[in-house]
Amino acid sequence: MRYRWDIFCKVIDNFGDAGVCWRLARQLVTDFHQEVRLWIDDLDTLGYLTSRLNRNLLYQEVQGVTICHWQAVQAEVVCADIVIEAFACDLPDFYITAMLQNKKQPVWINLEYLSAEPWVARYHLLPSPHPRLPLIKFFFFPGFVKGTGGLLRERTLKVRQYEFDKTAKQAFIKRSGLLERESGSLWISLFCYETAPLEKLIHVLSESPRSTLLIVPEGNIANRILVILKDASALTAKLIVHKRLSIQIIPFLEQADYDHLLWCCDINFVRGEDSFVRAQWAAKLFVWNIYRQQERAHLKKMDAFLELYTASMPVPMAIAVKEMWSCWNGRGELHAEAWMNFLAFRESLMQHNEDWINQLMAQEDLGANLVQFVENRL
Ligand code: TRH
C-alpha cells in the first residue's frame, strides 16, 4: 500500500541526522514505492550528501523524494499518513496544527538514535500520549538485535556490492582522484571527530612496518593533519608523505560514493551513526569513533556494541578489538602495540565480519520494520 510520509529532520552539528533521514527517505521511495517528503532545516548539509540538490530551492524533488525546507510552504500543508520525527527534533507548530485538523490521526513516530544498549528493546514501539493534545507518538529504536527496529539497509545493497567489481573500483578510484594502489600498502579511510587521538594515529601509522595510505575527506580533520605534518614532504596540496604513511585528502563524497570508498579500503575509521552502520555492511575492518557525550555515556554505548560484536570472537581477538577501540575513544593512550595487535587479526576479523553481517541480515531492516508497523496501524 502506498502511503504519504513526512520525515522531519533538524541538523544538529554534523552530517548524520541528514545522512540517516536522506537514506531512509530514499529507501522508502525505492524499496517500498512510498510517497515521501523530507522536511529539513539545513539544505547545505544535505547538499553534501547528494549533489542533485539545489541548496537555494525551498521546495524540490530529488531522486523521487520531495525535499522541503522547514521555512518552505507552511500555510496549506496537509499532514501525511505517517510522520517521522527524527531524533526527537520537535515538529514545527504549523505541522502539529495540520495533524490536529486532519480527519484521521497520522501515525506519529519518533525515530531514535541507534544504540546497542540492552534497554532499547524494552522501549522500542512504546506509545507516548501527547501531554496536552489528542495525539500519540511511538518511539522507534533502531538496533542490532531482535525486538528493535533494525538497521537501515536498502534492498539493492548486496547487488551494488557484488557489481562493484574491479572495473567499477578502478572507475571510482579514478573519478575520486585517488592514487593507484601500491602493492602491499594498506588502504585506510578516516572519518572521525576532533576528539580522536589523531597525532597518535599518524605517529603509529608512519612508524608501522606496512606502508599505508590514509584517505581523509576535506574538512577539519584534514586541516588538523596538515598542521600536524606541516614539516612532512607534501607532494601536492592533497598528498602528504611521512615515513611509511601517505595521506591523501579527497573531497567529501556523495553518500552513495562514500560506500564505494568503504568497499575499496582495508580498514575504515568511522564515526557517529550512519557511517558506523555502512562500515559494517562494507565487511572490512572498522574502528568506531563514537559521538562524545556527557559523563562518558558514550563509552557505555560503545561497550554495549562491543559486547554484541565481540561475543563470538576468540578472547585474544576480542581483547585486541576492544583495546584499539578504547584507545581511539579516549580510554587509554593509542600506541603501536594496540594497533599492531588489532592488525594481526585482520584475516580472522574479515571472516568474523562476514558472520556478523549474516547475523544482522537475518533481521528485518529498519525500513521494512517501519512499513510493517505503520501498515498495522493505518
Ligand atoms: O556526521 P556524523 O558525526 O553525524 C553524527 C551522528 O549522526 C550522531 O548520531 C549524531 O548524534 C551527531 O551527528 C549529532 O556521523 P554519521 O552518522 O556517520 O553521518 C555522516 C554521514 O555523512 C553519513 O551518512 C555518511 C556521510 N558521508 C558522506 O556522504 N561522504 C563522506 O565523504 C563522508 C566522510 C561521510
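Tutor: Two strands count as paired if DSSP finds at least two bridges between them. Please keep in mind that this is a predicted model. Strand S1 (residues 4-9) and S5 pair in the parallel sense over four bridges.

Student: Which residue stands opposite Ile82 in S5?

Tutor: Trp5 stands opposite Ile82.

Student: And in which sense do S5 and S6 pair?

Tutor: Strand S5 (residues 82-86) pairs with S6 in the parallel sense, over five bridges. Opposite Ile109 in S6 stands Ile84.

Student: How many of the residues of S6 are buried?

Tutor: Five of the five residues in strand S6 (residues 107-111) are buried, so that the strand is mostly covered, where buried means under 20% relative accessible area. Val107, Ile109 and Leu111 point one way from S6, while Trp108 and Asn110 point the other way. All of these residues are buried.

Student: What is the order of the strands in the whole sheet?

Tutor: The sheet is open and has eight strands, in the order S3-S4-S2-S1-S5-S6-S8-S7. Its pairing is mixed.

Student: Which strands stand at the edges, and why is one side of each left without a neighbour?

Tutor: The edge strands are S3 (59-62) and S7. Each has a single partner strand, so one side of each has no neighbour in the sheet. On average, neighbouring strands of this sheet are turned by 25 degrees against each other, direction ignored.

Student: Which strands does H15 touch when it packs on the sheet?

Tutor: Helix H15 touches S1, S5, S6 and strand S8 (136-140). The direction of H15 makes about 150 degrees with that of S6.

Student: At what angle do the axes of H1 and H15 cross?

Tutor: The axes of helix H1 (residues 16-30) and helix H15 (residues 366-375) cross at roughly 65 degrees and come within 10 Å. The crossing is right-handed.

Student: Which residues meet there?

Tutor: From H1, Leu24, Gln27 and Leu28 meet Leu366, Gly367, Leu370 and Val371 of H15. By class, this contact of H1 with H15 has five nonpolar, two polar and no charged residues.

Student: Changing topic: how do the axes of H7 and H8 cross?

Tutor: Helix H7 (residues 198-207) and helix H8 (residues 220-228) have axes that come within 10 Å and cross at roughly 60 degrees. The two helices are therefore oblique to each other. Their crossing is right-handed.

Student: Which residues are in contact, and how do they divide by class?

Tutor: Leu198, Glu199 and Ile202 in H7 meet Ile221, Arg224, Ile225 and Ile228 in H8. The contact of H7 with H8 has five nonpolar, no polar and two charged residues.

Student: One last topic, the loops. What is the phi of Leu125?

Tutor: Leu125 has a positive phi of about 70 degrees, although this residue is not a glycine. Leu125 lies in the loop between helix H4 (120-123) and strand S7 (127-129). With a relative accessible area of 31%, Leu125 is partly exposed.

Student: And what about Lys243, is that residue buried or exposed?

Tutor: Lys243 counts as exposed because its relative accessibility is 56%, and the cut-off for exposed is over 50%. The place of Lys243 is the loop between strand S12 (239-242) and strand S13 (245-250). Lys243 is a residue other than glycine, and its phi is positive, near 55 degrees.

Conventions. Residues are numbered from 1 along each chain as its sequence is written. This is a predicted model: local features need pLDDT of at least 70, side-chain atom pairs count only at pLDDT 80 or more; totals for chains, interfaces and linings use all residues. Side-chain values use heavy atoms; hydrogens and water are left out. Buried means under 20% relative accessible area, exposed over 50%, partly exposed in between (1.4 Å probe, protein chains only). Axes are lines fitted to C-alpha atoms, for helices over the stretch in contact, and angles run from 0 to 180 degrees between N-to-C directions. Angles under 35 degrees count as roughly parallel, over 145 as roughly antiparallel, 65 to 115 as roughly perpendicular and the rest as oblique. A crossing is left-handed if the near helix is turned anticlockwise from the far one by less than a right angle, and right-handed if clockwise. Contact means heavy atoms within 4.5 Å. Ala, Val, Leu, Ile, Met, Phe, Trp, Tyr, Cys and Pro count as nonpolar, Asp, Glu, Lys and Arg as charged, and the others, Gly among them, as polar.
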